[in-house]
Amino acid sequence: MATQANKLPFKGKSIYEGKFFDRAPQCLAAGKLTSQGETSEQCLRPKDERPPSPEVIRKFRATFRPDAGQMRNFYGTAYDPQRQWAVEMTHGIKTHTSVDAGKLVNPEPKTFFLQRLHDRDENNYLSHKRAPLGKSYDQRPGLPKGLDLASFTFGLPTEMEAGAGSLINPNKNYEQIFREATEGHDLYVRSHADYYPLERVCRSYSSPGFHPQKRYGIATPHSNDGRMTRETMKWLHETQADKATKIVSKRLEDFREKYQPQLGKSLDPIKDTMNVPPDHTFGALHKPDPYGAGDVIHNRKMNNILKGKENQRAVVAAIRQQLKKLNYHHFNNLLEAFRFYDQEGKGKITLSNLHNVCVKYRLPVDFDMIEKVLDYCDADKDGMINYLEFCNFLNWKEKLPTGLDDLGPPPMMIGTDYLFSKIPPEKLINEAYLVPKDPQTSDLTTSTIVKQIDFNVGNHSTSNAMYNSVIGPGGISSKSFRTYGIPSVRSDLSAPRVKRLSDRTNYGDQAFLYGLMCPSLYSQHNVYERDLLQPRTFEEIKSIFTNIGIRMCGEDMERAYKQAAMNHPKGHVSVESFRGLLDDIQEQQIRAGVHPMALGESQ
């Protein structure tokens, strides 16, 4: 009651009037009351308090400056009584609407009766009678009687001249074609002004000092490289702007360098706050792998990897090529070259012998590179180069004879006689390593040594050649084969307890093709392979086999269970392993002639 007594009278219109329903009109709205000003409509349409213009002036204003939204009207027709109905008057003839585009594109289907009426109307035309739909126009009624339609032809016969090929490429030489082309050229010049390309045009000047072969005027300076054209296309102020020094604001240049990407530089807005040199890199430095992609693909061993040895291999190849060239030019056969290398007469070239030869040949080779050359040429890895390796890797054996005429005692080195040696000499090369150069000749040469660091390149085998080769005691073991990628059967992952429909991963618990084509009897009773292979205790095994009709005493059952556990590396016993053990015991008893256990019957 005190609130109603202190209520002040409200004058004016509420700003929410007409928009919301006031459920408590006796209570004032909370907040500070602001003065109400002009509305948007009053601002856009102010009240015009000027006196209206006379009618005489308004008709002239309607002609030159009509009001907004009004049509311009000539002041002479301002008081015309016909002007009111002339606005709504239309001229011309009223036309009817034609067929819509929709009906033209997709007309209404005709009935059979309407189609027959349309065909009857069309048959009345003479053109339809002469040439019906689907037939050519029959002109026989208009031809003369007795005319042979099969053999008679109209028109004049055309004589066959040269073909298109002879016109394009006539059977004429260059002189005949040039002579025919130049005949009458002067007449064509006079009649049609037909000049050859780059031919001088005849102006028919009658001046006595004019001669057609003379040149008149001043020669225009030109350059074949387009220098003048470039200067013409480029204006003077552009040339001066290129030569002038470009003035750039330092503040703008600092902003671009700091916040905008620069060509060839990394964007680093906080580099001014880092107290590190410009070439500093952050993060852990990963040590590169010693092998490359080719080494991984070819499954090379660590001592045969080729990554980072390109320069070394190139130097070894260059040394071998130089030694081959020197041996070819200084010796008559391979035996003389081998004696020059083997100064001690051992029948093999050592590292010191190879180094002495390089010194005599004046080859600037380091001792380490000589070791690499020896390691490359040493196929049997005995630390020395024999005669067979020397012929294959340090000589062109096809271009030089072997020099081995007598294969009885081996040829020794110069200055060494094998007759005075206490140790009996060995043969320099076995006769099995000598092969004929050509099938047509009897000349012998050493056999070729196949040197391949990639085992799977020289001795590869396809999957087709290995069918049924991994089965049995003499098969090929695939344990040492290197596998790549992710296996299709993920036996390395444990199968989930509840497998979702979207999970397509094979965890090794799915049946293969033979199991789908020939399902077992157990699967018909909802007993699957995982149930047969699951490890079980002695009580479970005893209960399962007793329920299916196996009658065994407790001691025999326990003895069989222990024997089955010994056959497994982890001591697990499953239904399948126990059943296999019982089958083996039964087989032994049958072979021995005793069979005390009858399956499915009581003893």
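This is a predicted model: local features need pLDDT of at least 70, side-chain atom pairs count only at pLDDT 80 or more; totals for chains, interfaces and linings use all residues.

Biologist: What pLDDT does the chain average?

Modeller: pLDDT is the predictor's confidence in each residue, from 0 to 100. The chain averages 77, and 84% of the residues score at least 70. Over residues 406-424 the pLDDT is below 50, and this stretch has 23 contacts in the model beyond near neighbours in sequence; a contact means heavy atoms within 4.5 Å. Residues 597-603 also have a pLDDT under 50, with 12 contacts beyond four places in sequence.

Biologist: How many helices and strands does the secondary structure of the chain come to?

Modeller: Helices (H or I, at least four residues) and strands (E, at least two) are DSSP runs, numbered from the N terminus. Here there are 25 helices and 2 strands.

Biologist: How is the packing of two helices described, and at what angle do α23 and α24 pack?

Modeller: Two packed helices are described by the angle between their axes and the distance between the axes. The axes are lines fitted to C-alpha atoms, for helices over the stretch in contact, and angles run from 0 to 180 degrees between N-to-C directions. Helix α23 (residues 538-547) and helix α24 (residues 554-567) pack at about 120°, with their axes 11 Å apart. α23 and α24 are therefore oblique to each other; angles under 35 degrees count as roughly parallel, over 145 as roughly antiparallel, 65 to 115 as roughly perpendicular and the rest as oblique. In this pair, F538, I541 and K542 of α23 meet G554, M557, E558 and Y561 of α24.

Biologist: Which residues of α23 meet α25?

Modeller: They are I541, I544 and F545, which meet V575, F578, R579 and L582 in α25. Helix α25 spans residues 575-592 and packs with α23 at an angle of about 60°, the axes being 11 Å apart. α23 and α25 are therefore oblique to each other.

Biologist: Is N327 buried or exposed?

Modeller: Buried means under 20% relative accessible area, exposed over 50%, and partly exposed in between (1.4 Å probe, protein chains only). At 0% relative accessibility, N327 counts as buried. N327 lies in helix α15 (residues 310-330) and touches, among others, Y341, Y361 and F390. Of the 603 residues of the chain, 15% count as buried. By contrast, T537, in the loop between α22 (529-533) and α23, is partly exposed because its relative accessibility is 41%.

Biologist: What is the phi of L198, and where is L198 found?

Modeller: Most residues other than glycine have a negative phi. The phi of L198 is near 70°, a positive value, and L198 is found in the loop between α10 (185-192) and α11 (227-233). L198 counts as exposed, at 91% relative accessibility. S204 lies in the loop between α10 and α11 and has a positive phi of about 60° although it is not a glycine.

Technical notes: Residues are numbered from 1 along each chain as its sequence is written. Side-chain values use heavy atoms; hydrogens and water are left out.
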